[in-house]
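Hello,

Here is the structure for your files. My notes on its side-chain contacts follow below.

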Amino acid sequence: FLKGADCRYCSRREEIDSEMQRLRGAEPPNSESLGFLLREFFRYFGYEYEHGTIAVRSRASFMPREDEDRCYLVIDNPFEP
């Protein structure tokens with residue numbers, strides 16, 4: 001858990017929907033495009049984020065994921081080894 005949010009991986013749709021409703025509260029679902037959200041993600045972590053280190057991993061130091069060759073973007077969970 002990170003700031004009250006369960007950060008573990010989950011593939012059960014009903015649990016994901018339940019957690020999204022809890023986090024959203026009375027707010028309506030997000031209506032922004034995926035492109036806009038991705039751009040804002042990089043803008044935030046590129047220009048505003050000031051709470052720690054953001055690392056780019058070296059493939060020489062870490063084992064690649066099994067499906068990494070089929071992925072466009074890979075984000076590692078910093079809470080798992």
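Phe41, Phe42, Tyr44 and Phe45 are linked into a cluster by ring pairs. Rings of Phe, Tyr and Trp (for Trp, the six-membered ring) count as a pair if their centres lie within 6.5 Å; planes under 30 degrees apart are called stacked, over 60 edge-to-face, and the rest tilted. The structure holds 3 aromatic pairs. One of them joins phenylalanine 41 and phenylalanine 42: the ring centres are 5.2 Å apart and the planes stand at 80°, so this pair is edge-to-face. The pair of tyrosine 44 and phenylalanine 45 is also edge-to-face, because its planes are at 85°, with the centres 5.0 Å apart.

This is a predicted model, numbered from 1 along each chain as its sequence is written. Local features need pLDDT of at least 70 and side-chain atom pairs count only at pLDDT 80 or more, while totals for chains, interfaces and linings use all residues; side-chain values use heavy atoms, with hydrogens and water left out.

On accessibility, the cut-offs are under 20% relative accessible area for buried, over 50% for exposed, and in between for partly exposed (1.4 Å probe, protein chains only). Phenylalanine 41 is partly exposed at 33%, and phenylalanine 42 is partly exposed at 46%. Tyrosine 44 has 32% and counts as partly exposed, as does phenylalanine 45 with 34%.

Next, the charged side chains. The search of the whole structure finds 6 salt bridges, a salt bridge being a side-chain nitrogen of Lys or Arg within 4 Å of a carboxyl oxygen of Asp or Glu.

- Arginine 12 and glutamate 15 form one, at 2.8 Å from N to O. Arginine 12 is partly exposed at 48%, and glutamate 15 is partly exposed at 38%.
- Glutamate 19 and arginine 22 form another, at 2.7 Å from N to O. The two are about one helical turn apart because they lie 3 residues from each other in helix α1 (residues 13–24); helices are DSSP runs of H or I with at least four residues, numbered from the N terminus. Glutamate 19 is partly exposed at 22%, and arginine 22 is partly exposed at 47%.
- Glutamate 40 and arginine 43 meet at 2.8 Å, N to O. Both are in helix α2 (residues 34–48), 3 residues apart, so about one helical turn separates them. Arginine 43 is partly exposed, with 32%. Salt bridges with shared partners join Arg39, Glu40, Arg43 and Glu48 into one network.

Regards
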